[in-house]
Amino acid sequence: MSSEQKQVSSSQAQSIVEWLKEIGVETEVKVDKYNVAWAEVPMEKIKDSIRILKEKGYRHLTTISGVDLPDEGVMELIYHLAPVKMDGYPLLCLKTRIPRDKPEIETITDIFTVAIVYEREVYDLLGVKFIGHKGLSRILLPRDVPEDYHPLRKK
Amino acid sequence: MLKKVKRWAFKRSLWVFHVNTGGCNGCDIEIVDALTPKYDLERFGIKLAPSPRHADVLLVTGPVTRKQAELLKRIYEQTPDPKFVVAIGTCATSGSTFEGAYNVLGGVDKVIPVDAYVVGCPVRPEAIIDAIAALIEKIDKGEIEKIEKA
Amino acid sequence: MGLYIPIGPYHPALKEPITIKIKVEGEKIIDADIELGYNHRGIEKLLESKLWISVPFIAEHICGICSGVHQLTAIMGIERIFDIEDKIPERAMMLRIVGLELERIHSHLLWLGVAAHEAGYDTIFMYTWRDREKVLDVLEILGGRRVVYSIGKVGGVRRDVDDKFIRKAKETMKYIKKQAKEYIRIFEEDPIVQARFRNVAILPYNVAVDLGAVGPTARASGVPYDIRAEDRYFGYSEEIGMRVAVRKEGDALAKVLVRLDEVIISADIVENVLENLPSGPIEIKVPPLKAPSPGEAYARSEAPRGELVYYYRSDGKRTPYRVKVRTPTLANILSAGYMVRGGYIADVPVAFASIDPCIACMERYVVIDDGKKIRKMRWARLIHYANKWFKQNLHWLKEERL
């Protein structure tokens, strides 16, 4: 990536930092060589963050990834957002952490309808409960597996 | 061998029913391809059966996911005797790269008895035709016990 | 009248029908009851126990129709997490594009044949699959095999091409473009075909955006979103002929036409790239890739069905800590549910097929609940019923739809 491109990305990253500051979220946004930005916000702020980012142009939710980190006692949720018609803006992987012994977080299905499907997948394979999801149930595994069977959890 | 197959096919046609147990669709596409003009399974008198109840041969693809296992068993039970099961593809034979995955049983013979294995990833249409033709030849030669004894 | 569309095999003896059921509150979809698990193999977990270098080999077996884009997107992510992506030689990138566009063509022709078959046009099915064979012949030379062609490798591509290949590929692309134009003509002019596809399975622009639809399913509704144009991975650019195909009507006909537009654009890209293929190596010599430094990578591409995403997390070990794969069909499943509502029962096969679902499509049932009784119909029987119904009702349907 040329240095000119890098500079463009940095100014875009700065915009993202500003938008989040507007709603009281202080965070760093790092853009890697491949024009993918990474940022972390606290659990209580993730929904507002996603809402403002969508307003500003990050109107496409690609998917939600869940990562089990037993050594740190948390699960990480990554909301992969993509900008629509915003020249130069990076893809944004917005992360948050939730406690592993109580893996719950507010749903974002009222902001992104397609999250209906992605939240169910994270629930099915990792056991994260999305509060407010109007139909949280398994989507990939057979319905007759034990309730606490979430294969993507680390032993 | 082809001459004999054609002769035999004039007497009777073989109905095959296709079952996918959770594969990538690669083998399934090649099975459908075997029916297209370039390969043309139909001229051997081989037809796709509309339901297991009309089938002589079950062509099974896929590594058999857990949910599919029960379905596969039911389809096998619904198929009237004498019947043949041909496992098409490496997944159907052993599970292939998916063996050991938590939702995969690893091969058709983990659920139902298999008469022939055709390995390949996916199996070329020529190999599918070859396998069925070989089966027909065995039937013709009286080498299949379950037909002789039926 | 409630309409439940199953996606996946179903047997009357099994307790749970596999259905796609939409829960609504007024006009707004609040949930979709979907079961997809018939093809769930547990790949993400499996990859946690395989070496990093094995990941692309497994990725190419996830889908037999688009194995190329799965492999190359997996490789894109690997090259990012090992931090070698900016070193890939230009010739290799261009050959990757050739492989991916050839795949797009064969996948769209395959889909068109299946959609035509489901609407009772077996002649179109035979023609498109015959044309597809010619594309597979080219892919077979490029990769060495006709279905899982395995063009890529970490660091470049596996095989180089010569002038003979370039001539054959260009010849085939000329033929394909001619065929695609003919299919467009048939779909735009034949009134009987039109009655089955026009104004059927309409996905309005706003709904496509709200439900997160991707790929040709979205572009047929006027949403100009194509990852090749957004991210310009592997060197996609207007110079090599990349254009975003968009149609506005959002109906099944638009979904057919937008894919045929894409076939022509892909053929153009293949011709342009091969005409101006940069010289040089087809790979960089990578040191044995064992373990990347701890970190993460994100890669996405435009598969024939839409946006395909790979996410990797490394903790410094030789096996991945986490691999996430999101296929385009999952992103389109709510749109599929939306599109099958309304219309007649006989429209169901076309409506559902129009998202080009990448799911085993052999055994399916439709469960029809009209409030008074529940009927179950095998998919093949539904197609038969639909074709017969259309023949009988064509005269007034033509008036209504055209």
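At what angle do the axes of helix 6 and helix 11 of chain C cross? Helix 6 (residues 163-189) and helix 11 (residues 252-275) of chain C cross at roughly 160 degrees, and their axes come within 9 Å. Helices here are DSSP runs (H or I, at least four residues), strands likewise (E, at least two), numbered from the N terminus. Axes are lines fitted to C-alpha atoms, for helices over the stretch in contact, and angles run from 0 to 180 degrees between N-to-C directions.

This is a predicted model, where local features need pLDDT of at least 70 and side-chain atom pairs count only at pLDDT 80 or more, while totals for chains, interfaces and linings use all residues. Residues are numbered from 1 along each chain as its sequence is written, and chains are lettered from A and ligands numbered from 1 in the order in which they are written.

Back to the helix pair. Helix 6 and helix 11 of chain C are therefore roughly antiparallel to each other (the term covers angles over 145 degrees). Their crossing is left-handed: the near helix is turned anticlockwise from the far one by less than a right angle. From helix 6 of chain C, the residues that meet helix 11 include C:I166, C:M173, C:I184 and C:F187. Among their partners in helix 11 of chain C are C:L253, C:L260, C:I264 and C:L274. The contact of these two helices has 17 nonpolar, no polar and three charged residues. Ala, Val, Leu, Ile, Met, Phe, Trp, Tyr, Cys and Pro count as nonpolar, Asp, Glu, Lys and Arg as charged, and the others, Gly among them, as polar.

Next, the domains. An automatic or database assignment gives chain C domain 1 (2-38 + 360-401) and domain 2 (43-329). Seven residues of domain 1 of chain C are in contact with nine of domain 2 (C-beta atoms, placed from the backbone, within 7 Å). The domain 1 side divides into four nonpolar, one polar and two charged residues.

Chain C also touches chain B. Here 29 residues of chain C are in contact with 33 of chain B. Helix 5 of chain C gives the most to this side, with four residues. By class, the chain C side has 18 nonpolar, seven polar and four charged residues.

Now turn to chain A. In this interface, 34 residues of chain C are in contact with 28 of chain A. Strand 3 of chain C gives the most, with six residues. The chain C side has 14 nonpolar, four polar and 16 charged residues.

Key:
Parallel < 35°, antiparallel > 145°, perpendicular 65-115°, else oblique. Contact = placed C-beta atoms within 7 Å.
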